[in-house]
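Hi everyone, thanks for coming.

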Amino acid sequence: MKSKTKFMAVLLCSLFAIGSVLFLFQWSETIMHADNPFIRRYVMGCMKLHQIDLKYNSYYFAGSSKNKVFLGNSVGPLHVTTVDSALLKKSSFKLEPDRMDLPFTSPVLSVKPPHLYFIDGGIPAVFKGRLDSPKVTLCWKGTNRFSQPQVLNQNTLACRTIDPESRNSELALVHFGARPRFEVHRDLLQKQVDGLFDSDGSLNFSSQSANVIYTYLYRNIFIVADTALKLRYRGRTIDTTTHAKIEVAHLPGRGELKLSSPPRIVNRMSAVDRNLLFVASSLIGRFEDPMLWKQATIIDVYDTANDDYVASFYIYNIDGKRARAIAVDEGRLYALIGTQLVYYRLDELIRKHYRSR
């Protein structure tokens with residue numbers, strides 16, 4: 001009888017211990033994913049596979065497809081550069097716009113195979129062509145200036161603009177198909193300080209998930225919208241900066257605004273791939289080594305399909321230079337670090353969070 005009692009006691013203790021472990025694990029997962037008090041979950045993240053010296057630091061990411069990366073160049077805006085994913089083959093050609101009489105100010109290249117777009121939001125104008133030809137044709141000329149164009153389909157792009165009525169920063173759509181028009185959407189960006197600088201951020205588009213994502217520069221918010229710029233939800237990055245910490249001054253006699261002190265940057269840059277959002281953070285979390293932040297760029301990953309923090313990893317500096325731009329395509333992460341283009345393979349712990357197309 002005593003042995004049976006002892007056995008039942010041991011069994012109950014074992015069940016209690018197992019239940020406690022499972023509860024604590026689930027509780028810790030809830031904290032890490034939903035109620036994170038700014039504690040990062042670091043994983044191996046990515047493995048550097050290839051690297052090439054582009055010789056100049058004026059390159060930027062213009063697109064990617066089928067193991068190819070397309071680069072634009074801010075110094076030579078008409079030049080299109082293609083590099084294979086192994087970073088072994090590099091080629092380039094020069095665009096031939098059908099209108100060279102326009103006063104170009106800030107042209108950028110966007111590649112969505114088989115098409116490419118030459119866009120200048122300062123004029124503003126949109127040229128369109130194909131990758132198999134250097135010729136691009138003017139398909140839209142408007143009056144509303146814009147920045148950060150993201151091509152959504154063959155006839156539409158999303159962008160950021162200044163609303164002529166409120167002078168606030170807003171998101172907009174440019175339609176350059178059969179019915180050309182410019183649509184300002186005033187319900188997405190939210191004013192906190194001045195409506196202009198406080199709304200700074202980075203605009204991205206995932207063709208696989210059909211998400212337009214805007215990540216604020218100075219606060220821990222990102223916006224997920226559909227291709228009609230209808231709000232899906234507002235998500236939060238894992239830091240605690242809910243309000244933009246900026247100071248704005250009015251320039252006397254000019255009616256202009258400027259930042260009067262260095263702002264506190266929260267989300268330095270971002271990229272998207274399918275349902276995952278990759279954000280280069282500027283804020284150190286709890287229990288983190290400050291020396292690591294001097295040696296690397298910290299990337300936080302979010303699953304936009306369920307508004308969930310996934311994990312964090314780091315990209316080491318090269319020759320003292322940190323990553324200035326990132327792009328992600330089907331589990332391949334590319335970074336521009338100084339004059340270097342670097343190719344990394346994302347770890348399986350991150351790739352397993354990809355949703356099917």
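Predicted model: local features only at pLDDT ≥ 70, side-chain atom pairs only at ≥ 80, totals over all residues.

Residues are numbered from 1 along each chain as its sequence is written, and side-chain values use heavy atoms, leaving out hydrogens and water.

Side chains of opposite charge can pair when their charged atoms come close. How many salt bridges does a search of the whole structure find? There are 14, counting a side-chain nitrogen of Lys or Arg within 4 Å of a carboxyl oxygen of Asp or Glu.

One of them joins E330 and R274, with the closest N and O atoms 2.7 Å apart. E330 sits in the loop between β25 (323–329) and β26 (332–337) and R274 in the loop between β21 (267–273) and β22 (276–281), so this pair ties together parts 56 residues apart in sequence. Strands here are DSSP runs of E, at least two residues, numbered from the N terminus. R274 is buried at 18% relative accessibility, while E330 is partly exposed at 27%; buried means under 20%, exposed over 50%, and partly exposed in between (1.4 Å probe, protein chains only).

Salt bridges with shared partners also join R40, E288 and D300 into one network.

Now, our aspartate: D200 lies in the loop between β14 (181–185) and β15 (201–206). Is D200 buried or exposed? Buried, with a relative accessible area of 16%.

Conventions:
Helix = DSSP H or I, 4+ residues; strand = E, 2+ residues; numbered from the N terminus.
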